[in-house]
Amino acid sequence: LVFASGRGELPPDFEMDCTNAYEIMVSSECTPGRNVSKLQLPGDGERYCPAVASYEVGCDYPTFLAMPVALAATALGLLVTSVLLLIIVVRWRHPLIRSGQPTYLFLMAIGALMPQLTVLIEAMGPPTPTTCLLHKVLLGFGATLMIGALLIKLLRLREIFFRKHFQKINRSHNIKYHFIMVAMTILTAVTVTVSEVASPSQVGTETVFTEYGDPVENRVCVVENSWSSALIMAPIALVGIYSCAIANDVRHLPSALSEGQWVFVAVYNAAVFVTIAVVVNSVSKNALTRSNASAISAVFSCAGTLVLLVAQRVYKMFSLPASTDWRRIITADVMGMSAEGAASATTTHVKSRVHSSTKLST
């Protein structure tokens with residue numbers, strides 16, 4: 001190498017652009033992070049660019065060490081959801097659970113577990129085609145069970161309270177609601193199948209830059225056709241929007257258990273946190289940020305919604321004495337009275353409603 005001075009030595013003002021003078025090697029194993037080594041390329045890079053010490057970057061999947069708060073919240077959400085699910089099953093015949101439609105509370109609890117489980121699956125290791133497919137299935141069916149059960153609860157409330165005369169929920173109504181739930185589940189199964197056939201779940205790479213500006217590839221779940229994911233979520237989103245509209249109508253319903261108000265808050269709670277997760281996942285290029293948003297959203301939209309609908313019933317169930325006249329409280333709820341109001345109502349007036357109120361159960 002001969003410089004303008006005619007000599008082979010480096011002039012004082014010589015500068016070598018070392019941007020592309022290194023080969024970047026990233027380990028695939030996380031212990032606990034990935035090791036990044038910058039090896040000097042032979043030639044000018046090796047001769048004039050300084051050696052750079054290796055350093056560590058985070059894993060390309062959300063490990064327990066990388067997002068402890070979100071995963072701790074997920075574990076708590078799974079615990080709360082599981083406890084409420086157990087109470088629903090064990091106390092299935094209790095009047096407060098029966099009046100809350102236990103079949104749909106059960107489906108809602110199962111649906112609430114599914115999206116939260118995807119967070120733990122992601123944290124167990126790098127993505128594979130199997131875990132990518134499992135993620136798609138759990139999110140699709142979990143959202144369907146949650147939103148479907150909420151929709152039916154809203155439809156039943158509207159059916160009971162918004163008729164000119166007090167409306168009794170009979171077998172034909174229940175068949176209609178069961179049909180809606182089955183139809184939504186079948187539709188989700190079809191859309192997930194079509195999506196997987198058209199765009200199979202697979203693992204791709206996403207280039208991100210470290211704090212030193214070095215490009216690093218992360219393994220992520222990818223789809224060939226962007227419409228395949230929209231195919232699954234579009235029907236669920238439409239049902240969610242419709243549920244929000246009905247929830248706004250029933251939020252002023254008077255009842256001893258404040259059923260309309262709790263359902264209203266539960267529906268909008270789920271809508272808000274799901275929207276936040278969708279926006280963050282669409283905008284952020286950081287895998288850890290997206291995982292944190294998804295985890296927090298799963299906990300608050302799933303476990304939080306279930307708590308809003310079930311916790312008050314569970315609290316009354318265990319806090320009130322065993323001698324409580326549950327039928328009278330449920331009657332008060334349906335009649336838009338306080339529990340004290342039902343107690344002071346005439347016996348004939350209350351008994352005339354008891355049969356209809358007990359039909360709220362499935």
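## Salt bridges

A salt bridge here is a side-chain nitrogen of Lys or Arg within 4 Å of a carboxyl oxygen of Asp or Glu. The structure, a predicted model, holds two of them. Asp214 forms one with Lys38, and the closest N and O atoms are 3.1 Å apart. Asp214 sits in the loop between strand E4 (202-209) and E5, while Lys38 belongs to strand E2, so this pair ties together parts 176 residues apart in sequence. Helices (H or I, at least four residues) and strands (E, at least two) are DSSP runs, numbered from the N terminus. Both Asp214 and Lys38 are buried. Buried means under 20% relative accessible area, exposed means over 50%, and partly exposed lies in between (1.4 Å probe, protein chains only).

The other salt bridge pairs Lys136 with Glu196, with 3.0 Å between the closest N and O atoms. Lys136 is in helix H5 and Glu196 in helix H6 (residues 171-198), so the pair ties together parts that are 60 residues apart in sequence. Lys136 is buried, and so is Glu196.

## Basis of the values

The model is predicted: local features need pLDDT of at least 70, side-chain atom pairs count only at pLDDT 80 or more, and totals for chains, interfaces and linings use all residues. Residues are numbered from 1 along each chain as its sequence is written, and side-chain values use heavy atoms, with hydrogens and water left out.

## Disulfide and cysteines

Which cysteines are joined by a disulfide? Cys132 is joined to Cys221, with an S to S distance of 1.9 Å. The rule asks for a pair of cysteine sulfur atoms within 2.5 Å. By that rule the count is one disulfide. The pair links distant parts of the chain: Cys132 lies in helix H5 (residues 129-161) and Cys221 in strand E5 (residues 215-222), 89 residues apart. The link of Cys132 and Cys221 is left-handed, with -85° about the S-S bond.

Cys132 counts as buried because its relative accessibility is 6%. Cys221 is partly exposed, with a relative accessible area of 44%. Cys244 counts as buried at 12% relative accessibility. Cys302 also counts as buried, at 5%.

## The three-stranded sheet

An open sheet has the strand order E1-E2-E3, with antiparallel pairing. Strand E1 (22-26) and strand E3 (55-57) stand at the edges; each has a single partner strand, so one side of each is left without a neighbour in the sheet. Neighbouring strands of this sheet are turned by 30° against each other on average, direction ignored. Such axes are lines fitted to C-alpha atoms, for helices over the stretch in contact, and angles run from 0 to 180 degrees between N-to-C directions.

E1 pairs with strand E2 (residues 34-40) in the antiparallel sense over five bridges. Two strands pair if DSSP finds at least two bridges between them. Glu23 has Leu39 in E2 as its bridge partner.

## Around Thr305

Is Thr305 buried or exposed? Thr305 counts as buried because its relative accessibility is 0%. Thr305 lies in helix H9 (residues 287-319). A polar contact of 3.1 Å joins the side chains of Thr305 and Asn269. A polar contact is a pair of N or O atoms within 3.5 Å; within protein, one must be able to donate a hydrogen and the other to accept it, and residues adjacent in sequence count only if both atoms are side-chain atoms.

Leaving out residues up to four places away in sequence, Thr305 touches Met146, Leu150, Ala266, Asn269, Ala270 and Phe300. Contact means heavy atoms within 4.5 Å. Thr305 and Val267 are 38 residues apart along the chain, and their C-alpha atoms are separated by 7.2 Å.

## Around Ala123

Ala123 is found in helix H4 (residues 102-123). Ala123 counts as buried at 5% relative accessibility. Which residues does Ala123 touch, not counting those up to four places away in sequence? They are Tyr61, Pro62, Thr63, Phe64 and Leu71. Ala123 and Ser291 are 168 residues apart in sequence, and 9.4 Å apart in space, C-alpha to C-alpha.
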